[in-house]
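Try each task before reading its solution.

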Amino acid sequence: MEPANLFTVLRRYWRLLAGCTVAALIVGFVLTPAGDAVDNGKWQCKVAITPVAGAADTVRADQVLSYAQGSAVTTAAAQKLHITDVAGLSARRTVAAASTQMLVFTTTGPTQQSCADLAAALSEATITGYSQESKKSADESIKRLRAQADTQQQQLDDLQKQFSRANTTDQAKLQPQLSTATAALTKTLGAIADLQNYSQTDAIQQWGSIDAKELGGNLLTSPTRSVRLALAVVLGLALGVVAALMLSRMDTRLRTRDGAEEAFNLPVIGEIPLLSRRLRRLREPLVTARPEDPATEAYRSLRSTLLLTGPRALSAQLGQGGLDPDDRRARRAAEPAPVVLVMSGRSGDGRTTTVANLAATLAETGRQVLVLDCDFRQPGLRGHLGVGDGPGMAELLSGEQLPDPVDLIRRTNVPGVALITGGNTTAYPAALVLRAGEVLKLARRHADVVLIDSSPLLHANDAYDLVQHADAVLVTVMAGNVRPEEADRVSELLARTGVPVAGVALLGAEGATGRRKRTLRPGRPPAKGSPAKAAPAAKSTPPGPEPQRRAEPAPRVEPQRRPGEHQRPADPRPAAPGYGEAPDRRDGATSWGRRPAELPPEEPVETTLQLRLGEDR
């Protein structure tokens, strides 16, 4: 992935990056010690404790382990080291039985000396404390045995007295009792002597010296919290970048010019940058509200490209050559205005916004533009062009008798642009467009250009029914709103109509995408009337000299004129083949010159759009 595309992906998923970073900060703040704590895990020391020689039979390892794990040993070590944080001291030591006759203390500390001092203090506290407990227990046992010895001595004295008074026969009977009492007393006195010797010496001792080694610290146990939180930020950003790249790989929605051209099999003739939230809230076309904005220039580039590659009647320089109103009406009577249908595959593709801004840019060239809102499901053009609610296309198409659309044409807040609103829809929207051909035949005579806003092609059939009455089609797509399979379906439906498709207007376009793909996908012929090669992007060369492909036009046979019909004025430019004629494939050009099947009436039709726009007749 190129660096520019990588930054584009990260900018697209900036909320994910921020969320991962905040989550990592919270986890790092909770899991790491509070404050600028000392790194107590830098050094590790070990010390072993075993029974004294000769005391292995009397010392039980489980008793010593239980005593060493108690709080008395830790408290005694803390007092010796003059440490008040007994709980923190307990966290720095562990004790375990290495064998049946050996216990091992493991301590940690910020320095070797503090670690060794803690190990020595714990060892000494265990030896001293356990010895004291053993002596106390031995003293209690000695006291009990002495009482038992006194009783046995009294019994022995009584037997000896009886033995001395008895005769020979009785002495023989008392002799065994006397021997038993003597043996019991001797055993008790021996036990007392052993306990006295045991209580005077330590039961356990330290084995060897203290083993100390440096473990080395890490960032998680750093002495400063700022370092730990900085590490959390780095880890959170890394996790966010990985998650963003994974989501970008799984996201197949069209976001770039190359992806749109490949999916629609059509050239992208306009790239409108992503508008800020403040600009999207404007209740008027961006072209009139912000004339110097980069997005406004992009709409003007879209207009220029559409004029260069669109129908011949669309590129006629009406309004720029000083035509007076009478000449304008005569020109319209001889050559009705072209109809451009702006459609999209899905809702939210910026279709209505594009219609409003394209109408404003066409009006800047001196053309009078008539906009028809044929989106009967979600009409929204009147809000963009500053027109109030009222009758419109719905009433015009639903009446039994077709009225003159002049009565429904309304002025807008954009000079040179008029609008027929969507109206109040009562009938089913799909049934309204059945009479669209008759309405468009009349609307062509009241403007220089007719723009139509329609419903999404993949959500309703209205746009597909309107295509057959249009001279050119412009497809809009919002970056990140359409998937390749949906774009392929739109391209397939348009290819079946045979209506020239000007290209695709990509809204919310991202940055550069690298080398462009100029070839169409194999296996699908280009749509009838669409360019065989990709047209230049929206930011192309402004209108200038005629392209080379029009230098050698193919001859065209003029139809015979019936009596009473007006002859169309001669056009100095090369004539393009009519609608339905085979294009000239020698230079890759295709026909944009579709003309209405009906001929103009015998008398010139006087348009009232000029009156509604404030022009002088």
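**Exercise 1: the largest pocket**

Task: find which helices and strands each supply at least two residues of the lining of the largest pocket.

Solution. Start with the helices: H1 (3-12), H2 (14-31), H10 (277-280) and H14 (351-364) each supply at least two lining residues, as do strands S5 (268-273) and S12 (501-509). Helices (H or I, at least four residues) and strands (E, at least two) are DSSP runs, numbered from the N terminus. This is a predicted model: local features need pLDDT of at least 70, side-chain atom pairs count only at pLDDT 80 or more, and totals for chains, interfaces and linings use all residues. Residues are numbered from 1 along each chain as its sequence is written, and side-chain values use heavy atoms, leaving out hydrogens and water.

**Exercise 2: the buried side of H3**

Task: which residues of helix H3 (residues 61-68) are buried, and why do they line one face of the helix?

Solution. First, pick out the buried residues (under 20% relative accessible area, 1.4 Å probe, protein chains only): they are Val64, Leu65 and Ala68. Next, look down the axis of H3: these buried residues fall within an arc of 100°, so they line one face. The arc is taken from the directions from the helix axis to the C-beta atoms. Finally, check their partners: the buried residues pack against helices H4 (71-81) and H6 (112-165) and strands S2 (93-99), S3 (102-109) and S4 (204-214). Contact means heavy atoms within 4.5 Å.

**Exercise 3: the whole chain**

Task: how many helices and strands does the protein chain have, and what share of its residues is buried?

Solution. The chain has 21 helices and twelve strands. Of its 617 residues, 44% count as buried.

Notes: Buried means under 20% relative accessible area, exposed over 50%, partly exposed in between (1.4 Å probe, protein chains only).
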